[in-house]
Structures are given as C-alpha cells and as structure tokens.
Amino acid sequence: MSKREAGEEMLVRKIEQGTVIDHIPDWKAETVAKVLRLDKLARMQADVSVAILQNVKSQSLGRKDIVKIDRWQVDERDADILSLVFPGISVNYVNEWKVSKYQARVPDVIEGRIRCPEVSCISNAEREPVVTKFITLKRERLLQCHYCDTLLGFDAVPDHVSG
C-alpha cells in the first residue's frame with residue numbers, strides 16, 4: 001500500500017534549503033512565529049516561503065505544529081531562545097536537500113533580544129545606549145535582568161521579544 005493510499009501524503013513539499021521547526025505543541029506555531037519575528041521577513045520582502053502546519057498528527061505528541069521556512073535559516077541564538085518556551089522542539093536545517101539537526105539549548109545569557117518588563121529599567125531608556133541583557137535561571141525557568149534584577153518567566157518571553 002502506498003503512502004497516498006494509506007492517507008499519509010505530504011501536506012507541504014520538501015524544501016531544498018531552509019529551516020524546519022518540528023515538535024511544537026499543537027496550536028502554538030503562532031508563538032514560534034512571534035519569537036522568531038517571522039513578520040520581519042515580510043517587511044524585508046525576502047524571497048522566502050513560510051508554511052505553518054497546525055494540529056498535525058504526531059506519533060510522539062498526539063498532535064503537533066510544524067513551521068517550515070523555505071530559503072531562510074533561523075539564527076541559532078533565536079532557536080535557543082525558542083527552546084526556553086518550547087523545550088521539546090526540533091530545529092532542522094536543510095541545505096541542498098540534506099537535513100542536519102540543531103540541538104537548541106537554553107542559553108546562559110541573552111543579549112539584545114528581549115525587552116525588560118520593568119519600565120524604569122535603564123535598558124528601556126531611549127537615550128541610554130544599553131543593550132538588554134538577561135541571565136538565565138534555568139532551574140527556576142526564569143530570566144533575570146542584568147541591570148534591574150527584574151524576573152521574567154520563560155513562558156512570558158514571546159511577549160517581550162524585541163527587534
């Protein structure tokens with residue numbers, strides 16, 4: 001019996017070059033797009049295609065989401081930030097049809113990618129040339145601002161991702 005006859009045909013074609021993020025919890029692909037700032041690709045008018053599959057059958061998760069970005073490689077630092085929110089994700093880079101897995105890991109320090117939620121933090125002052133910096137408290141699943149010690153839960157990261 002062919003895959004087509006078994007109803008296992010592909011929903012989206014394979015890509016020659018790009019990134020596939022797999023094992024995203026079901027209905028959470030939009031959060032992935034937010035963390036990766038995929039909207040910037042539209043602003044850049046980049047020649048890329050993005051396919052978001054939601055609530056796809058999965059043997060290991062029951063249901064999952066998948067984000068496939070054709071002709072765009074997600075930065076490893078962004079993949080690491082994504083692993084804060086979704087520790088079980090898989091990041092696969094595709095180059096000339098060959099797939100290599102990137103093992104995303106929770107970074108010790110995150111600089112310049114997350115805004116401090118404390119309005120009076122020096123990193124939020126427009127006149128100060130300060131790059132945001134957070135220390136990761138892995139066991140507590142928290143980020144701590146280097147400048148004002150404000151704590152930010154891993155789950156709140158998508159709401160504070162910056163440019």
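This is a predicted model: local features need pLDDT of at least 70, side-chain atom pairs count only at pLDDT 80 or more; totals for chains, interfaces and linings use all residues.

Reply: Residues are numbered from 1 along each chain as its sequence is written, and side-chain values rest on heavy atoms, with hydrogens and water left out.

The next topic is the nonpolar core. This term stands for a set of buried Ala, Val, Leu, Ile, Met, Phe, Trp, Tyr and Cys residues joined through side-chain atoms within 4.5 Å. The helices and strands named below are DSSP runs, numbered from the N terminus, where a helix is H or I over at least four residues and a strand is E over at least two. The largest nonpolar core has 35 residues, and those that touch the most other members are I21, V32, V67, L82, L84, L143 and V157. Two or more residues come from each of β1 (17-25), α1 (29-35), β3 (62-70), α3 (76-85), β4 (90-95) and β8 (142-145), and α3, with 5 residues, gives the most. Another core of 6 residues lies apart from this one, and I15, L53, V56 and I66 are among its members. When its neighbours within four places in sequence are set aside, L82 is in contact with I21, V32, V35, L36 and I89.

Now we turn to the sheet. Two strands are said to pair if DSSP finds at least two bridges between them. By this rule there is an open sheet of 5 strands in the order β2-β3-β1-β4-β5, with antiparallel pairing. The edges are taken by β2 (49-58) and β5 (98-102), each of which has a single partner strand, so one side of each has no neighbour in the sheet. With direction ignored, neighbouring strands are turned by 20° against each other on average, where axes are lines fitted to C-alpha atoms (for helices over the stretch in contact) and angles run from 0 to 180 degrees between N-to-C directions. The antiparallel strands β1 and β3 are joined by 6 bridges, and I24 has D65 in β3 as its bridge partner. Between β2 and β3, also antiparallel, there are 8 bridges; I52 stands opposite V67 of β3, and a hairpin of 3 residues links β2 to β3. In a regular strand the side chains alternate between the two faces of the sheet. As for the helix, α3 lies across β1, β4 and β5, and runs at about 55° to β5.

Finally, we come to charged side chains. A salt bridge is a side-chain nitrogen of Lys or Arg within 4 Å of a carboxyl oxygen of Asp or Glu, and the whole structure holds 11 of them. In one of these, the closest N and O atoms of R13 and D70 are 3.1 Å apart. Because R13 lies in the segment before β1 while D70 belongs to β3, this pair ties together parts that are 57 residues apart in sequence. R13 is exposed at 52%, whereas D70 is buried at 6%. R13 and D70 also belong to a network of salt bridges that includes D47 and R71. Another salt bridge joins K64 and D22, at 3.0 Å from N to O; it links distant parts of the chain, K64 in β3 and D22 in β1, 42 residues apart. Both K64 and D22 are buried.

Terms used: Buried means under 20% relative accessible area, exposed over 50%, partly exposed in between (1.4 Å probe, protein chains only). Contact means heavy atoms within 4.5 Å.
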